[in-house]
Amino acid sequence: MTRIAVIGLAGRLPGASDLDAYWANLLAGRDCVTRTPADELRGLVPDELLDDPRWIGASGRITGVYDFDPACFGMSPKEALTTDPQHRLLLTSVHRALEDAAVVPGPAAGRIGLFAGVGRNRHEEVVRAVLAARGETPNELALEIGNEKDHSSTKTAYRLGLGGPVLTVQTACSTGLVALHQACQSLAAQECDLAVAAAAAVRAPDQYGYLYLNGGIGSVDGVCRPFSERAGGAVAGDGVVAVVLKRLEDALADGDRVYAVVRGSAVNNDGAKSGYASVSAPAQRQVLREALLFAETEPETVGSVETHGSGTPLGDATEWAALRDVYGKGQRTLVGSVKSGIGHLREASGLAGLVRAVFSVRHGLVPPTINVGLPAGFTTRDDSGLTLSRSAQPWPLNGPRRAAVSAFGLGGTNAHVILEQPPEPRPRADLTGPGLVLLSAHTAPAATRTAQAWTETLADEAIPAAVAAEVSQSGRRARRHRTFVLAGTATDGLPAPGLEPAPEPVAAEPGGPGLCFVFPGTGDHYPGMGAGLAAALPGYAEHLDRYLAACSEQTGRELRGVLAPGPARAPGGGQVFDLRRLVTPTTGRGHEVFDPVASHAVLFSLQLALARALEELGLRPDAVTGHSLGELVSATLAGIFTEQDAIRVVVRRAQLVAEQPEGAMLAVSLPRADAEQLTGPGVWLAAANSPRSSVLAGDREALLRTVDELHRRGLQGRLLPVRHAFHTPLLDEAGAQLQKLLTEMELSQPRIPLVANSTGAWAGPEIAEPAYWRRQLTSPVLFGQALATAAERCGVLIEIGPGQLRTLAGQDRSALGDSTVVTTMRREYQNTSDHEVLLRALGRLWQLGCEPDWTRLRGGRPTAAAATLPPTALDERPLDIRAGTQLVHLPPAGQAAAPAAVLAVPVGSVAVGSVAVGSVAEAPASAPVPAPTPSAAPGEGSSEVETVLAALWGEVLGIEEIRSDDDFFDLGGDSLMSVQLIFGIEENLGFHVPAVTVFQESRLGPMAARIAAWAHSEGSAP
C-alpha cells in the first residue's frame, strides 16, 4: 500500500468562492442552494417553463461562471470566448490547486499527471447559434478542441505545462472520485511525481431550476434531503474542485503541507442489474470492502463516512444497507452528505465530498447533514452504530482520524476512498529571521491585489515570514509584474523592520536587465562592516575567510579579526538612520580597519567575497567597474588578475602607499570644474564622482587651508578617514614600484566588459598593461563618467560593498537614464541589519528581471509549503460569447481600457478569408483596408503595414486594442492562428509574404517593419 498525501486544494462550490468558505458553510449548516421565485426569472428562463406548475426554481449555483483571465494562461480572448466555461474553470482551479501546493510545473517539480473530467457540454450549441446569427462559419476543429470532453484535461496540461500522464475521466456522478483513484494508482506505480485529480460540472448557459418529473431524480420541492423520511430527489448544482496529490514519503521529505492522507481506494461497476439507472447493493458493498482491504484498514476505525447520499429513497436505502453491512460493527460512525446543502454536482460531486472529508480528518470535526427533518426509518432500525450527523460534532472515535468517501455514477461505476488525518508536521528550527516574500502577476493591477492579500495574511503573524518567503520564492511562478515584501524578525541584534508596504509593481525585463557590478573604494568602510552577511549569504563567509587568510600571509599579520564589529549600534528598526554618524563618521581612532594596509586588504577581500557569493547565487555581471581600490576588485572579477596575483597587488599597493608621505583627502559638494578652481600647490583633483560631488587630495596642511577657503565661501567639506593623498602625484613613487611588480605577472584581457575609472570609458587593451595601473593610482578617478558609461549598457548598477553609489546616482540622474541603483550593504549610519539590506537588494533585482537561486539562498532547504497563502490574483472578466464582447489587456474595473497610443481595431474591419482561425472565422469584410505600396524604401510604408497587421491581429485573436509592442504569442496566438495570419496578410496586402519573414519578429511593430522591408527588396506589387 502506497499512502498518498493531499498537498493542494482549490475549488468553487455553491455559496463559496473558495474551499475555506465552503468548509465554513458546512460547519455552520448553511443551505447554499439558490431558490428563486418564478417571477424573478422572467427574461432569464423561457416563459413556457416558468408558467409550468412543475417548475422548481432551485439550483446549486456558483458565481462568475463566465469569468476568466485568458492572458494569464496564454490564451487569446477569441479562443476563450468559444471555449466551454467548464474547461476554463477546470484550468483555473488546477492552476490554483498547484499554487496552494507550492508547485511550479517544470523540471524541478518532476512529472505532473492530471486526471480530470467535466460535465455535459451545452456551450457548443450556444456558440453555433451565435455564429449562425452573425452569418459566420464555425471552425470545426477549434470548436471541438474548445468544447469536447476529450480535450478538457489535455488542454489544461498544455496550458500549465504538465508532462506526466494526462487522462480524461468520465464516469458520470463518480467522475471526480474515480479521477482521484486513477491519480493515486499512477503515483503508486511511479508513473508521475505529482498528480492532480479534478472535475468541473457547470451548466452553461446558466440553469436556474428544472421541471419536476414524477419518478425522476429531481426533488419535488427543490430541497435535497438525504436519508430523510421526506427524501424526494436531488437538486442539481455546479462546482469545480482540484486536488494535488503526492506520495506521502516524498511530501514529508520535501516539507510539504499535508491536508490529509489517502490510505486506499477502489473502483468497480454494478454490472448486470434491473435497469441502467438502478443501483446495486452487492456492488456497493464490494467496493467498500475492497477500498478498506487495499487501505489495510479495519472498518471499525473509520469515524465518518461521506456518502453518495443523493436524496432519492431507493438510492439512500440501498447505500445505507451497504454501509450497515460493512461499517456497522457497533462503534459510532457518523454518516452524512454534502448534497443536502449544495445540491448534486454530478461529475464534481465526489470531490466535493472528498474535500469535506479532508477538512474533517484535518480538524477533527464532522459537519452536519441539513434538511433531513425526520430521518428515514431504515437509519434507526438497528444497533449498527451508524449515526446520521445532523449537527457539527467532534470526532467520534479515538485513534487516528479516518474517514471514507463514496461516489456512485449513474450507470454503475462506483468509487470509495479511505482518508486519514495528516501526520504531525516536523518542527522547523530554521524558521526565523527576515523573509523576502516575492509577489508577482501577469498584470500590474493583479500584482498589486496579490501583494495586498499577502500583506493582510502576513500582518497577523500567524504564518512565519520564512515560510511565506520560501513558498513565494519556489512555490509560485515568477510572472512579469513584480513586487516584494520584507517581513519577519531581523538579525544582527536589531529589532524587526515591521511589515513594510510593497513597492509598486515593476515590469521585469525579459532575460534580465543587464547587471553592472560597481565596487566602491575606501572611505566608507567601518568596523564590523558585513558582519551579518556570513549567516545571510551562502558562500560569503568561506570566500571571505580564504581571501583574508591569503592577505594575512602576504602582510605577515593576522587580518581575519579586523572585521570584528565596533561599539554596539543604537537600537532602531527598518530604514532608520543615525544622522550623527552620517555627519561625523567613525575615523581612524585606533581601530585596525583604518590602518592603510589593513583597510585595503580587508575591503578588497570583502568585496570580492560578496561578488563571488552573488555570482554563485546566479547574479552574474554583464559589466564591472570600480572606484580606485574597487577597480582592482572589478579587474579581478573580469579575469585581468588571478585572485592570487590580485591579493599580492592589493597588499603591495597598500604597503607602497603607506611608505609615502602622509596626506589627506577632502570630499566637496562641487562639480569637477568648480573643484578644480580650488586646486593649487599641494592640492589636486582626486575624483569627479558626480556633478555635485568631487574629491580633492594632497598635502594635509595645504588641504586644511582649502577647508578654510571653503568655509569663507560658505561651503562645506568632509575629510575622509584616510592618511594618504590617493590619485595625486604624491604617490608617483608608489605607482612606479607598483608598475615594476606588475611586470612580473601575466595580465589577461577582461572576460567581462570593464569601465575604466581613470577614463570613464570602456577599457581597451591598455587595461592589461602594467603602466595603466601606475596611472590608475596617481590620476583622478572619473567615476561619474564611468557610471554613465556603464548605464548605457546595463539596466542595473549594483554596488558591491559599503559606498555612496545611491547618493551619487541621485546627483546625476539624467546621466544614468533609466538604470536602477541597488545597494547590497548598509552604510555605517543605517540602523538596519545586513541581512535586511541584502534581502531588499535581492528583491529589487528580482523585480527587475533577475532570477537568483532562492534554494541556494536558503542553504538548499526544500520549499516549506506548510501554510495556506492567498492565490495569485487574476484579471478575470466575464467572457460570454452571447454578449458579443471581445476584450484584451483586461484592465481592472474603473480603469481606462487603453491609453491614447493604443490602436483601436473594430471587429470585422478586415477580411481574413474563409479559413477559420483560433476559435471562429470572421466573415469577409466588404471593404478591406487598402494595402500599402510595397515599392517604398526600407522602413517606409511600415506604418501602413502596421495598421493592416493590427487589424488582422484583432480579427485573429479577438482583441480590440493592439499596441505596437504587443507580442503575438503573448496575446494568445498559436500555430493555428499564425497560419491564418499569413492568409490575411496576403489577402489584405495583395502579395504573399513567407512565414519565415513574418515571424522573424513576434511583436507588432517589428513584424510590420520586416514585412515592409521584404516587400521593398522583392519589388512586390499589391
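Strand S24 (residues 664–668) and strand S26 (residues 693–698) run antiparallel and are joined by five bridges. The model is a predicted one: local features need pLDDT of at least 70, side-chain atom pairs count only at pLDDT 80 or more, and totals for chains, interfaces and linings use all residues. Residues are numbered from 1 along each chain as its sequence is written, and side-chain values use heavy atoms, with hydrogens and water left out. Helices (H or I, at least four residues) and strands (E, at least two) are DSSP runs, numbered from the N terminus. Two strands pair if DSSP finds at least two bridges between them.

Strand S17 (residues 402–408) is mostly covered, with seven of its seven residues buried. Buried means under 20% relative accessible area, exposed over 50%, and partly exposed in between (1.4 Å probe, protein chains only). In a regular strand the side chains alternate between the two faces of the sheet. From S17, Arg402, Ala404, Ser406 and Phe408 point one way. Ala403, Val405 and Ala407 point the other way. Strand S12 (residues 304–306) runs parallel to S17 and is joined to S17 by three bridges. Here Glu306 stands opposite Val405. Strand S18 (residues 413–420) runs antiparallel to S17, with seven bridges between them. Ala404 stands opposite Ile418 in S18. S17 and S18 form a hairpin with four residues between them. In the turn, Gly411 has a positive phi of about 110°.

The structure holds zero disulfides (a pair of cysteine sulfur atoms within 2.5 Å). For Cys192, the nearest cysteine sulfur is that of Cys184, 9.8 Å away. Cys192 counts as buried, at 0% relative accessibility. Cys551 is also buried, with a relative accessible area of 0%.

Ser758 lies in the loop between strand S28 (754–755) and helix H25 (770–778). Ser758 counts as buried at 16% relative accessibility. The side chain of Ser758 makes a polar contact with the side chain of Tyr772, at 3.0 Å. A polar contact is a pair of N or O atoms within 3.5 Å; within protein, one must be able to donate a hydrogen and the other to accept it, and residues adjacent in sequence count only if both atoms are side-chain atoms. Not counting residues up to four places away in sequence, Ser758 touches Tyr772, Ser779, Pro780 and Leu782.

Across the protein chain, the secondary structure comes to 34 helices and 33 strands. Of its 1022 residues, 59% count as buried.

Terms used
Contact = heavy atoms within 4.5 Å.
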